[in-house]
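Please read them with the structure open.

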Amino acid sequence: RYLASGSQPVEHRLTQQDINKNKADLLQARAETAFKNGDYELAKKLFKQALSLMPSDKIILGKINEVNRVIIENEKKWEESYKGIISRADNFFRHGEFTEALKSYQHASDIMPESPYCDQKISEIKKIISDSLNRDNDYIAKVEMARNFFEKKEYENARNYYQSAHEVKLREEYPQKMIAC
């Protein structure tokens with residue numbers, strides 16, 4: 001019951017292996033909780049720490065493999081989601097729906113922040129929107145000037161401003177109608 005030295009009872013003495021097993025069990029319990037909460041990176045880290053204490057434990061090794069499998073599956077799901085969002089964003093962009101495209105590229109960027117493609121498209125759309133707003137403002141200012149000249153019966157100046165407005169927005173019919181007057 002007592003060691004030869006008589007200092008401690010045998011049943012109270014823990015070996016290093018017992019200490020490591022207890023630490024590994026605690027780490028494994030924390031890892032299981034992290035895994036259940038969806039924190040797979042933390043679970044993996046804790047399982048690896050437990051394995052370093054109990055290198056031959058097949059259960060811990062199996063848990064690490066399970067965590068790795070879940071991480072890979074989640075990465076595939078994120079990648080598929082990212083590709084779907086990019087596809088929709090590109091479609092919006094091709095059809096000139098820049099506000100919707102911008103939202104979609106920003107959402108894709110949230111999923112994969114390191115994507116230079118999203119950053120490039122977001123910058124491109126912001127420039128397109130800014131240029132469009134500038135064109136709109138320029139058009140409105142020229143039409144207003146043309147109207148002012150028209151009301152003052154300064155028809156040549158009015159015509160020049162309507163022509164200038166038409167050049168800013170070729171598809172607008174109003175300046176063309178006023179030039180024909």
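1. Buried means under 20% relative accessible area. Asn20 has 17% relative accessibility, so Asn20 counts as buried. Please keep in mind throughout that the model is predicted.

2. Where is the place of Asn20? Asn20 sits in helix H1. Leaving out residues up to four places away in sequence, Asn20 touches Leu53 and Met54. Between Asn20 and Leu51 there are 9.9 Å in space, C-alpha to C-alpha, although the two are 31 residues apart in sequence.

3. The largest nonpolar core has 16 residues. Which of them touch the most other members? They are Ala43, Phe47, Ile60 and Val67. Helix H1 (16-36), helix H2 (40-53) and helix H3 (58-94) are the elements that give two or more residues to this core.

4. With neighbours within four places in sequence set aside, Ile60 is in contact with Ala24, Gln28, Phe47, Ala50, Leu51 and Met54. There is also a second, separate core of 13 residues, and Ala89, Tyr105, Ala108 and Cys118 are among them.

5. Next come the helix pairs. Two packed helices are described by the angle between their axes and the distance between the axes. For H2 and H3 the angle is about 160°, and the axes are 9 Å apart. Angles over 145 degrees count as roughly antiparallel, and H2 is therefore roughly antiparallel to H3. Their crossing is left-handed.

6. On the H2 side, the contact with H3 is made by Tyr40, Glu41, Ala43, Lys44, Phe47, Lys48, Ala50 and Leu51. On the H3 side the residues are Ile60, Leu61, Lys63, Ile64, Val67, Asn68, Val70, Ile71 and Asn74. Sorted by class, this contact of H2 with H3 has 11 nonpolar, 2 polar and 4 charged residues.

7. How do H3 and helix H4 (residues 98-111) cross, and within what distance do their axes come? The angle is roughly 160°, and the axes come within 8 Å. H3 is therefore roughly antiparallel to H4. H3 passes H4 in a left-handed crossing.

8. Residues of H3 that meet H4 include Trp78, Tyr82, Ile85, Ala89 and Phe93. Those of H4 include Phe98, Ala101, Tyr105, Ala108 and Ile111. By class, the contact of H3 with H4 has 12 nonpolar, 3 polar and 2 charged residues.

Notes:
Residues numbered from 1 in each chain as written. Predicted model: local features only at pLDDT ≥ 70, side-chain atom pairs only at ≥ 80, totals over all residues. Heavy atoms only, no water. Core = buried A, V, L, I, M, F, W, Y, C linked by side-chain atoms within 4.5 Å. Buried < 20%, exposed > 50% of the residue type's maximum accessible area, 1.4 Å probe, protein only. Helix = DSSP H or I, 4+ residues; strand = E, 2+ residues; numbered from the N terminus. Contact = heavy atoms within 4.5 Å. Axes fitted to C-alpha atoms, helices over the stretch in contact; angles between N-to-C directions. Parallel < 35°, antiparallel > 145°, perpendicular 65-115°, else oblique. Left-handed = near helix turned anticlockwise from the far one by under 90°. Nonpolar A, V, L, I, M, F, W, Y, C, P; charged D, E, K, R; others polar.
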